[in-house]
Amino acid sequence: MEAREAMKEIRSGAVRPVYVAYGKDRYRMMRFAAFMEETLLKPDERELGVVKMDTAETPLEEVVAEAETPPFFVTRKIIFVKDQTVFAAGGKENGKVTHRTDALLEYLKRPAETSVIVFLVQADKLDERRKLVKSLKSDRVLIPFEELGEHELKQWIVRRAAEQNREISEEAAELLLSRTGNHMQQLASEVDKLCLYAGSGGRIGRGDVELLTASTVEEDVFALIDHIAGMETDKALGLYRRLLGRREEPIKLLALIARQYRIMLQVKELERHSYSPQQMAGQLGLHPYAIKLAADKARRYNVERLGELLSALADLDYRMKTGRIDKELGLELFLLSAGCFHNR
C-alpha cells in the first residue's frame with residue numbers, strides 16, 4: 001500500500017492494527033510516523049499515548065504484550081517499533097534477542113482496538129521469504145518509502161514553498177537540488193530558510209539560492225572551468241585559493257576538474273548520437289541538472305581541445321603524485337596555462 005492511500009484511510013478513521021514502513025527515504029518515513037501521532041492522538045494524549053520500542057533490545061512478544069495492554073488515561077496508543085532484524089532483507093538477530101514472529105501473527109487474528117503497532121524498518125527492502133512478511137503483504141500494510149525522482153522532488157519543493165505562501169522558480173528548485181541532492185531533511189530545512197528570507201507572498205529565485213545555500217566543491221569546480229574558458233585568469237586563481245583556504249586538496253581538485261572535462265566530452269559524444277538530456281543522465285548516472293550544466297559548458301570546446309586538457313591533467317596528476325612538482329603550484333600553473341587549450 002502506498003503512503004498516500006494509508007494516510008487517506010487513517011484520516012477517514014479506518015485504522016489498521018499494524019503498519020510496516022520501510023525504504024531509503026527516512027525523512028518521509030518519519031513524517032508518516034508524525035502524521036499518525038498528530039492524526040490519532042490529541043496533543044494532551046501524546047505523552048502517554050506514544051510508546052517507543054526497538055527489536056534490537058526487545059523481543060517481538062513484548063511488543064505484542066504492550067499492544068494487548070489497555071492504554072492508561074488515553075483512548076488509544078501508538079507503538080512505534082524500530083526494526084532492523086525482524087523484517088529487513090539481510091537482517092540478522094544479534095544473538096541477545098530472540099523473536100517469536102508467530103506471536104505477532106496470532107495477535108493479528110484478534111488485535112486490540114485501542115493499539116496501533118507501527119514498525120519503522122531501517123532497510124531498503126523487506127525479506128519477502130519470511131512468513132510474517134508474506135502475511136502482512138497480503139494484508140496490505142507494508143508501506144514503501146522509496147527515494148523520490150528529480151521531477152517528484154521539484155514538485156515537493158514547489159509544494160512546500162506554496163504551503164508557506166511562497167513561490168519558487170524552476171531554476172531555483174533545480175539549483176537547490178543540485179546543491180543538496182535528494183536528502184529530504186536537508187531539502188526541507190533549506191526550503192524553509194529560503195521561505196523565511198522571501199517573506200509571505202515572496203518569490204524565490206536562483207539568486208536567492210546562490211546567496212543562502214552553500215555551493216558544493218563540484219559546483220565551484222564548474223565555476224573554475226567557466227573562468228578558464230572565459231580567459232578570466234584572476235577569477236580562476238581567486239576561486240582556486242578560496243578552495244585551498246577551505247582545505248580542499250589540490251589532487252582532489254585536479255580529479256574533479258578532470259571529471260568535469262570528461263563529462264563534457266561524454267556529453268558531446270552522446271549529443272552526436274542524438275541522446276536527450278534525460279537519456280544522458282541515465283547513461284552517465286548523473287543528475288539531469290549536472291548534464292544541463294555540462295552541456296552548456298561543452299559548447300565552448302571541441303572534442304580535440306577537451307582531449308588535450310584531459311591529457312595535460314593526466315600528466316600533471318602523475319607529476320604531482322610522484323613528487324616531481326609541488327601540488328598547489330602544479331595546479332596553479334595549469335590554471336594559468338589552461339586558456340591556451342580553449343578553442344580559439
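Visitor: How many helices and strands does the protein have?
Guide: The chain is described here from a predicted model. Its secondary structure comprises seven strands, and the number of helices is 17.

Visitor: Why does the protein count as more spread out than a compact globule?
Guide: The C-alpha atoms fill a box of roughly 80 × 50 × 40 Å along the principal axes. For 344 residues the globule rule gives 20 Å, and the protein is more spread out than a compact globule because its radius of gyration lies well over that value, at 27 Å.

Visitor: Among contacts between residues at least 6 apart in sequence, what percentage joins residues at least 24 apart?
Guide: Of the 344 residues in the protein, 47% count as buried, while the accessible surface comes to about 18,400 Å², with 48% of it belonging to carbon and sulfur atoms. As for the contacts between residues at least 6 apart in sequence, the share that joins residues at least 24 apart is 77%.

Visitor: Is Lys-8 buried or exposed?
Guide: Lys-8 is found in helix 1, and its C-alpha lies 53 Å from that of Tyr-301, a residue 293 positions away in sequence. The cut-off for the exposed class is over 50% relative accessible area. Lys-8 has a relative accessibility of 63%, and therefore it counts as exposed.

Visitor: Which residues are the closest to the centre of the largest pocket?
Guide: The largest pocket holds about 950 Å³ of space. Its lining is made up of 24 residues, and the closest to the centre are Arg-4, Met-7, Arg-28, Trp-156 and Arg-159.

Visitor: How many residues of the lining of the largest pocket are charged?
Guide: Helix 1 (3–12), helix 2 (26–40) and helix 7 (150–163) each supply at least two residues of this lining. By class, the lining of the largest pocket divides into 11 nonpolar residues, one polar residue and a charged group that numbers 12.

Visitor: Which helix gives the largest share of the lining of the second largest pocket?
Guide: The second largest pocket, with a volume of about 440 Å³, is lined by 22 residues, and Leu-177, Ser-178, Leu-286, His-287 and Ala-290 lie nearest its centre. At least two lining residues come from each of helix 7, helix 8 (170–180), helix 11 (217–229), helix 13 (250–272) and helix 15 (288–298). The largest share, four residues, comes from helix 15.

Visitor: How many residues in the lining of the second largest pocket are polar?
Guide: This lining has 10 nonpolar and four charged residues. The number of polar residues in the lining of the second largest pocket is eight.

Notes: Residues numbered from 1 in each chain as written. Predicted model: local features only at pLDDT ≥ 70, side-chain atom pairs only at ≥ 80, totals over all residues. Heavy atoms only, no water. 1 Å grid on protein atoms, 1.4 Å probe; cavity = no way out; pocket = protein on both sides within 12 Å on 5 of 7 lines; lining within 4 Å. Points joined across faces, edges and corners; volume = space filled by probe spheres on them. Nonpolar A, V, L, I, M, F, W, Y, C, P; charged D, E, K, R; others polar. Rg over C-alpha atoms; globule rule 2.2 N^0.38 Å. Buried < 20%, exposed > 50% of the residue type's maximum accessible area, 1.4 Å probe, protein only. Contact = heavy atoms within 4.5 Å. Areas by Shrake-Rupley, 256 points an atom, 1.4 Å probe, with all protein chains shown as cover.
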